[in-house]
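Here are my notes on the two-chain model you sent over. Have a look at it first, then go through the points below.

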Amino acid sequence: MIPTEKTELFDNALLKILDANNTPWGLQAQALCMFCRELGFAPSAGEAVGRLEYLTAKGMAHEVAKVLGKANRCWKITDAGRRYMDEQGF
Amino acid sequence: MDKPISAERKPRGDSSLKGLGPDHQHDLYFYMEGGGKERGHTYKDCVSWLALQGVETTKSKLSKWRSWYWMRLLFQDCGETTEAIVEDELKGGAMITDEQIERKGNRTFNLLAIKTRNDKMWARQQTLAVRKQAVTATERKVALEIKKYEDQCAKTKEVESDPELTADEKQERIRQILGTD
């Protein structure tokens with residue numbers, strides 16, 4: 001479980017992974033969780049989805065292929081997300 | 001040395017490393033990590049290397065860039081493989097909609113990313129295990145050397161305090177103990 005005080009760092013980690021993905025394909029929560037381990041987090045898929053939904057609401061990430069089933073939800077970073085990462089020095 | 005700025009993203013003044021041209025970033029990663037017979041370099045070396053090319057940065061920025069670039073390379077590989085798989089399927093005459101292509105592509109891409117990441121982690125763990133073994137062997141060797149030195153010191157003291165031996169005999173015995181004959 002991600003402690004509340006580390007939520008912002010976890011959000012940054014998710015954005016960093018999304019930012020590294022420069023392909024036409026989106027990233028699923030399971031893949032994001034695996035890469036989060038590289039950055040010191042071990043979230044559940046549910047936790048990752050929760051934060052991704054928050055980042056989507058903030059306009060920093062967007063969900064691709066919304067027509068697909070819930071199991072195949074994928075995310076990509078937005079320009080606003082990239083800008084935020086650059087501003088934060090990531 | 002002037003390098004072209006990456007066309008992939010609009011660079012900001014405070015993201016100089018991500019904004020470098022793709023070739024420049026590749027060179028930096030190669031310089032940092034090494035490859036083949038080429039040994040890698042420390043962050044300090046990399047900062048100096050970049051400074052020579054007119055790029056000012058810090059060790060902390062390099063560290064952040066490194067973990068980002070590593071993932072970027074991995075995603076790039078997986079993305080290219082996924083595109084090739086999807087293309088093959090289309091060439092094979094499969095009648096699939098854009099939505100199905102996207103679904104298959106995303107699924108394949110994610111599975112590849114997870115697998116590649118696991119393979120890399122496995123390789124890292126193996127490297128770590130080998131290094132750990134090497135450290136243990138060195139520790140054992142050092143412990144043996146210390147023991148040998150202590151034994152020699154004890155024997156030397158014994159010889160030096162023996163009243164029945166002459167000075168020359170003592171010197172000879174000590175030389176034998178230290179193995180300097």
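1. Starting with chain B: residues 24 or more positions apart make up 35% of its contacts with a separation of 6 or more. Contact here is when two residues have C-beta atoms, placed from the backbone, within 7 Å. Keep in mind that this is a predicted model, where local features need pLDDT of at least 70, side-chain atom pairs count only at pLDDT 80 or more, and totals for chains, interfaces and linings use all residues. Residues are numbered from 1 along each chain as its sequence is written, with chains lettered from A and ligands numbered from 1 in the order written.

2. Chain B has 5 helices and 0 strands, so you read α-α-α-α-α along the sequence, with helices (H or I, at least four residues) and strands (E, at least two) taken as DSSP runs numbered from the N terminus. Of its 181 residues, 14% are buried, i.e. have 20 or more other C-beta atoms within 10 Å of their own, C-beta atoms being placed from the backbone.

3. Chain A does have a sheet: 3 strands, open, antiparallel, in the order 1-3-2. Strand 1 (27-28) and strand 2 (61-64) sit at the edges, each pairing on one side only. Pairing takes at least two DSSP bridges; strands 2 and 3 (residues 74-77) of chain A have 4. Look for E63(A) opposite W75(A).

4. Between the chains, 26 residues of chain A contact 25 of chain B. Helix 1 (7-20), strand 1, helix 2 (29-36) and helix 4 (79-87) of chain A each give at least two residues to that side.

Key
A residue is buried if 20 or more other C-beta atoms lie within 10 Å of its own, exposed if 12 or fewer, and partly exposed in between; C-beta atoms are placed from the backbone.
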